[in-house]
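Subject: Structure handover

Hello,

Here is the structure for you to look through. Please open it first, then read my notes below.

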Amino acid sequence: MPAPFDAGVSALWRDCEVPLPLAGRDKGWGSAPSVKQRRDMLCLLAVIAPLLPTSAFAHASDRGHVLLLPTGYYLLGGAVAVAVSFLVLALLPATAPARLWRRRLPLFKVGEGARLAVSLLSFAVFAALIVAGFVGSRDPLSNPLPLTIWTLLWAGLVLVQGLLGDIWRWLNPWYGPWRLAVGLLGPRAPWRLPAWLGCWPAFVLFFAFAWFELVDPAPDDPARLATAAGLYWLVSFAAMLAFGYRPWSRKGEFLTLFFTMVARFGVVERTGRRFVLCLPGAKLFGAAPLAASGMAFILLALSSVSFDGLSKTFFWLGRFGVNPLDYPGRTALMGIGAFGLVLTFLLLAGAFLLAVWLGQRLAGDGVPFGRAAGLLVWSIVPIALAYHVAHYLTALLVDGQYALVALSDPFARGWNLIGTAHLHVSAGIVAGAHSAWWLWNVQAGAIVAGHVLAVLVAHGLAARLHGGARGTVFSQVPLTLLMVAYTVFGLWLLSAPAV
Amino acid sequence: MTDRKGFFDLSGNRLSRRTALKGLAAGAGLAVAPGFVRYAQAQSSEPIRIGFQAHRTGIGAAYGRWYERTTNAAVKAINDAGGINGRPIEIIVEDDGTDAARGAEVVAKFANQHKTDIVYGTLFSHVVIASAPTAGELKIPYYVVSEGYHVASGKMNRWCLQPGITDVRAQVTSVAPWIAANAGKKVTMIFPDYAFGYDHRDYLPPAIEKAGGKVVAQIAIPPTESSFTKYFPQIPAETEVIYHVMVGPAVLTFVKELGDFYGSNGPKLFGFIDSLEAVDINSPGLEYLDGSHFWEGSPRYAQAGDSEAEKAYRAAVGIDDNGAAVGDAKDVSTAAHMFGCWETLYVIKKAMEDASYKGPQDRAKLVEATEALTEFAEGPEHPQGKKVFNGKIHQVFGSQNISKLEGGKLNVVHKTTIEDGLYEPEADYTTQPL
């Protein structure tokens, strides 16, 4: 019997839990130069650049300090830790971890009344930020829009969601306006989303988001980001009016889908109006199998953050003949970036499906492949969250300070709204050998802990699938090997020479 | 923080952002006053708008942060003293992402959208090289602080100028006599195998030979290399000094492995601080550098004989005696290069005053006025030292510092003369039409 799990989250994911088609039941910015001008300039640059002398400012950077650390031992230790946790689990009764992780500590009750007000406030702040994106400072480290979206929301809130629970449910800037709109227009959405669509719209939009973040030349440009974020809000809002708030939030609005996915790992659970405390990852034990689109969505969450790390390594750049010491900038690497984003997704998805398939063969008890893959994919969530922590930690520490300054004076008018306008941004917090040491340890700790928890979650889910100890353990051998490999890969990404 | 509010974020002697904005708000108020007042205002104190092409994100962000702080400090100092022709400077920041293509877009944006008077502040060569054609096409003066030889080489255009920082060719040429006379006559060069390394590869040997020495080996290291021990046996035994200009994250590994290779009996070392800009020179792994010498454009550490101008400059920018941010000892500055921002802004001021610059219609006059400049005296406007400007190649020349790492600090042991770095000009931009 699965443990109770977050009702909202489960409802949100239910629409992704449709049958697999192949596997049976279970189964502008600005006034930039013209295109021609730009093409001409790039051609000229390509021709003359190698002939011209250049100064070299490839910064020795804090990765230089990491290169001197005994990271090889960490890679080995991380791999061993993940493998050993699997062996320990194999020796325990199959349902033992699930029993432990099913424990709950009731906390308090909260009504839904504030949700509308908080969401409307969130929308108002979002709207103000969009305005700031257009009329505020042009400097991405002074304008609050890029700092809020990329640092506070994408780096910060994901962390809070992951560690605590579904705060996004309240902060969602669509809910309040939608409630007001249906108050005027009536509650009935004119159209229904077809069931076969699953979460594919959200997958496509999430991919577009990842492309914008990792490949687009200027995702930090305030006006460019204001255009993208503003349009996304409008299109999503229109879709919510057209198809209903809940259906579109479950199938199309990728942020909500992503945040609720991450919240599954958090330690606060909501059952009705009551909040209860649980162990990290406990809510994942109660997950239902996902359809192909939901699986793809979770795998993309991990593959995209993995590619972000990979794309900056000397190894990756070297594969394409790009000199990392003379890094040309993102525009010149757009093709490689798009290719890499797709490639990492396909490789991860392929490796995951192969591991599950092999596991099913080893277990040999006839559990349908689609059901196994759809359920076990939830074990990727702790890994995705760990990668997120490791990857965005330094940005959060430094750009988070810039965000505090910018939010105090969002329109560059000399305001000091929250008293932080004159805060000195300490970049030294992440600089130097000492910082590099503790940052590396936090990052490595997060990666290893994420994988150990992933093994634990996968074990609990496998116990649900297979029942007996033998089937549970055998089915998990290939997936554990994949997780050991991904631990090493994750630690290598953080320790390899990179720009 | 920068942009409109940029010159308000200064560590140490900061201009209060609130105070400065009062000034801006007053200007804005006048701008919407009745017509004649507005006209009078435009003539007298409408800001000079400088588009700052900044490396706020991307590979150049660490340098960009310090270029921004230095820019803010210089703008504050200039504005406090009455601005340029009585008009305050307003900095408009656009991030180029340290991306060549975006650099060109940013220059176009400054010219067409923000309608700034000039564009200024670019560091990375590839961004300068991609942006200069746009500046030339749109006829907007483009003052770079890039250090590369690309401006002096004649391959940019009439609108691209480098009046505040010396170029790498002059730097390499001017340190050679000291190396041959003091470190050793038999030199082995170790450099990264791409354009930056080639500047050193090509310009050092003739200068060393002229000084009576000889480059006995040149070892080019592939840019993606992260372990160097296998290259060290190529260093000839007769080598008296190793000239190293490695850059990138593997520099610390390079130094450590070099130390492991030689122990206590190696040749002397001479390097360019470019390798370790913004990095604590006392970091673990760099122990082998103790006692070695470095080129520095401007000294990172405060020196015993610092002029009042130098002291005032360091205080204004907000760096302590160790060259780190005041109150943030781990935030080590890019001191060897960032003074170029300060000095460039004062050159712009001088040229605008000479040209009686009033607005974008005077941009060509501004270029001509800059080209007509010949000398900048050492002082508050040029704290790094006296400079000579060659208007034909749009390049400034100055003295270089050679510092010895001892006691955990870089102490200046020699200042080259300006003449040490002069070379035969290869271009004349003044023949190009404006």
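Start with a sheet in chain B. This is a predicted model. The sheet is open and has seven strands, in the order β7-β6-β8-β9-β10-β16-β17, with mixed pairing. Its edge strands are β7 (214–221) and β17 (409–415) of chain B, and each pairs on one side only. Direction ignored, neighbouring strands in this sheet are turned by 25 degrees against each other on average.

Now zoom in on one pair. Strand β6 (residues 186–192) of chain B runs parallel to strand β8 (residues 241–244) of chain B, and four bridges join them. Look for T188(B): I242(B) in β8(B) stands opposite. In general, strands of a sheet pair through backbone hydrogen bonds, either parallel or antiparallel.

Chain B holds another open sheet, this one of five strands. The order is β2-β1-β3-β4-β5, with parallel pairing. Strands β2 (89–95) and β5 (160–161) of chain B stand at its edges. Each has a single partner strand, so one side of each is left without a neighbour in the sheet. Strand β1 (residues 48–54) of chain B pairs with β2(B) in the parallel sense, over seven bridges. There, G51(B) stands opposite I92(B). Helix α10 (residues 335–354) of chain B lies across β1, β3 (118–120) and β4 (142–143) of chain B. The helix runs at about 160 degrees to β3(B).

Next, the cores. The largest nonpolar core has 263 residues. Which residues have the most contacts inside it? They are L299(A), L376(A) and I179(B). Helix α20(A) gives the most to this core, with 19 residues. Two domains of chain B also take part: domain 1 (3–166 + 337–398) and domain 2 (169–296 + 399–421). Both give residues to the core, so it lies between them. A second, separate core has eight residues, including W174(A), W178(A), M240(A) and W248(A).

Go back to I179(B) for a moment. Leaving out residues up to four places away in sequence, I179(B) touches V187(B), I208(B), V241(B), Y243(B) and F270(B).

Then pick out A421(A). This residue sits in the loop between α19 (380–408) and α20 (432–466) of chain A. Is A421(A) buried or exposed? A421(A) has 21 other C-beta atoms within 10 Å. The cut-off for buried is 20 or more, so A421(A) counts as buried. L407(A) is 14 residues from A421(A) in sequence, and their C-alpha atoms are 7.8 Å apart in space.

Here are the totals for each chain. Chain A has 21 helices and three strands. Of its 499 residues, 54% count as buried. Chain B has 11 helices and 17 strands. Of its 434 residues, 59% count as buried. In chain B, 68% of the contacts with a separation of 6 or more are between residues 24 or more positions apart.

Last, confidence. The predictor gives the complex an ipTM of 0.86 and a pTM of 0.88. Chain B averages a pLDDT of 90, and 90% of its residues score at least 70. Residues 1–42 of chain B stay under 50. For that stretch the model has 79 contacts beyond four places in sequence.

Best wishes

Definitions and conventions:
Residues are numbered from 1 along each chain as its sequence is written. Chains are lettered from A and ligands numbered from 1 in the order in which they are written. This is a predicted model: local features need pLDDT of at least 70, side-chain atom pairs count only at pLDDT 80 or more; totals for chains, interfaces and linings use all residues. Helices (H or I, at least four residues) and strands (E, at least two) are DSSP runs, numbered from the N terminus. A residue is buried if 20 or more other C-beta atoms lie within 10 Å of its own, exposed if 12 or fewer, and partly exposed in between; C-beta atoms are placed from the backbone. Two strands pair if DSSP finds at least two bridges between them. Axes are lines fitted to C-alpha atoms, for helices over the stretch in contact, and angles run from 0 to 180 degrees between N-to-C directions. pLDDT is the predictor's confidence in each residue, from 0 to 100. Two residues are in contact if their C-beta atoms, placed from the backbone, lie within 7 Å. A nonpolar core is a set of buried Ala, Val, Leu, Ile, Met, Phe, Trp, Tyr and Cys residues joined through C-beta atoms within 7 Å. Domain bounds come from an automatic or database domain assignment.
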